[in-house]
Every structure is written in C-alpha cells, then in structure tokens.
Amino acid sequence: MLTDFFQHLAGSFPALLKGAIYTVLVAVLSMSLGLSLGLFVCLGKISQRRWLRVLCSGYIDVFRGTPLLVQILFIYFGFPSLLQQIFQQPFPFNPLVAGTVAFTLNAAAYIAEILRAGIASLGKGQLEAAESLGLSYVQAMRFVILPQALRRMIPALGNEFVTLLKDTSLLSAIAVTEIVKEGRLYISRTYAAFPTYFAIALLYFALTFVATRLFNRLEERFKIHD
C-alpha cells in the first residue's frame, strides 16, 4: 500500500507540474493587471469628484462582497449568454481568458484598498509639501506619494498574490487545466485520490512558500528604516 502511494505520488507530478504553469500564469497576469486597474480605482476613490468616488466604491464593494467563484462563473457563462441574447449569435469565451479576467477584476478591488491604505498612512503633509514645490497632483502621486506607499504595501501585496495562487484552484470549475483539474484527470484514470490530492497540496504549498519568500526578500530590500 505504501509503495502504491509513492508510485501515484510520483506519477501524478508530471501532470500537476503542467497544470502549475497555468496556475502561475493566471496568478502573475492577474496580479500585474490588477495592480494597474487597482491603482486607477484607488485614485478614483480618493478623488475629489463625488461621482467617481461613488463609482469606484461601488466597484470595490461588488467584487469584495461576492464570491470569487460566482464572479468566474458569471464572466465565463453569464456574460457570453447575455451577449448571445442581445446579438443573436454565440460568443464563446476561452476559459483561461475568462478566468484571468475574473481574477484581475477581483484582485483590483482588493489592491485598490491596499493602495488606499498605503497612501493614507503617509498623511496629507506629503502631498501638500509636494504641491508647494510646484508639482501637480499627478506628479506628486507619481514621484512622491506612490513610491513611498508601495514600500509599505509590499507585505499586503504579497499576501494578495499568495491568495491568488491558492484561489486558482477555482478555475477547475470552468475546465482550465490548472493543478486541481490535472489532478482530477489523473484520479479519473487511476482512482488514486489520496496520493493525488496529497501531491496537489504539496505543490500548492511549494508555490506559496516560494512566493512568500520572494516577497519577504523584496520587503527587506525596500524596507524603510526609521
């Protein structure tokens, strides 16, 4: 029995490593795109324009207040169905693209709040000092506020990336061949559920462990010494 366990544990890894490529790809793309979108949402939420604050606050509330799995299913199944009803023709959506879009939109909502908290931690004095030197609001944000705030936000951004890595397991619901999907395919061929899910857990642990250590080193490198 122990021999069979290790045989299936080793036998499942090639397929799981193939799925890990998609897992890391989705996580990295979603984090990168979510950081860009989250920055715009953050700036909109702290804007002096009330309608923009309301719009961005609503975006954050919707994506933080609904399950990620529901968002994935809505984008992959619901949105194309709506377009098909409007235009009377099918709108197929690639599952990998749909998953990346869902993760990006979800991550942007959380990242926007991380950025907002980081900017707020600096106080208004930094912005006022930059503007007194003749910098515009955009220039002050770009050259003074954001570089300082990003250093403070590295731990929180690292946590968000680790969360994205783990949540990619939800993509198996729309047939993206990530780690869990590859594991289920292996189980369907071998019926070796326990060693396969054990291997899945090991692989996710390895990925999150490496990601956590990388962000820890990044935090240490850009640490602000008082």
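Good morning. I begin with Ile72, which is in contact (heavy atoms within 4.5 Å) with Ala102, Phe103, Leu170, Leu171 and Ile174, leaving aside residues up to four places away in sequence.

A word on the source is needed. This is a predicted model, in which local features need pLDDT of at least 70 and side-chain atom pairs count only at pLDDT 80 or more, while totals for chains, interfaces and linings use all residues. Residues are numbered from 1 along each chain as its sequence is written, and side-chain values use heavy atoms, without hydrogens and water.

Now to the overall fold. The chain has eight helices and zero strands; helices (H or I, at least four residues) and strands (E, at least two) are DSSP runs, numbered from the N terminus. Of its 226 residues, 38% count as buried, a term that means under 20% relative accessible area, with exposed over 50% and partly exposed in between, for a 1.4 Å probe and protein chains only.

Which residues touch the most other members of the largest nonpolar core? In this core of 51 residues, they are Tyr59, Ile72, Phe103, Ile119, Leu171 and Ile179. A nonpolar core is a set of buried Ala, Val, Leu, Ile, Met, Phe, Trp, Tyr and Cys residues joined through side-chain atoms within 4.5 Å. At least two residues of this core come from each of α1 (2-45), α2, α3, α4 (95-120), α6, α7 and α8 (193-221). In soluble globular proteins, nonpolar side chains tend to be buried together.

Let us turn to the aromatic rings. The whole structure holds nine aromatic pairs. Rings of Phe, Tyr and Trp (its six-membered ring) pair if their centres lie within 6.5 Å; planes under 30 degrees apart count as stacked, over 60 as edge-to-face and the rest as tilted. Why is the pair of Tyr59 and Phe63 called tilted? Their ring centres are 4.8 Å apart and their planes stand at 40°, so the pair falls in that class. Both residues lie in helix α2 (residues 50-65), four residues apart, about one turn of the helix. Tyr59 is buried because its relative accessible area is 18%, and Phe63 is buried at 15%. Elsewhere, ring pairs join Phe5, Phe6, Phe194 and Phe198 into a cluster.

Is Thr168 buried or exposed? With 0% relative accessibility, Thr168 counts as buried. Beyond residues up to four places away in sequence, Thr168 touches Thr23, Val26, Phe103, Glu178 and Tyr204. Thank you.
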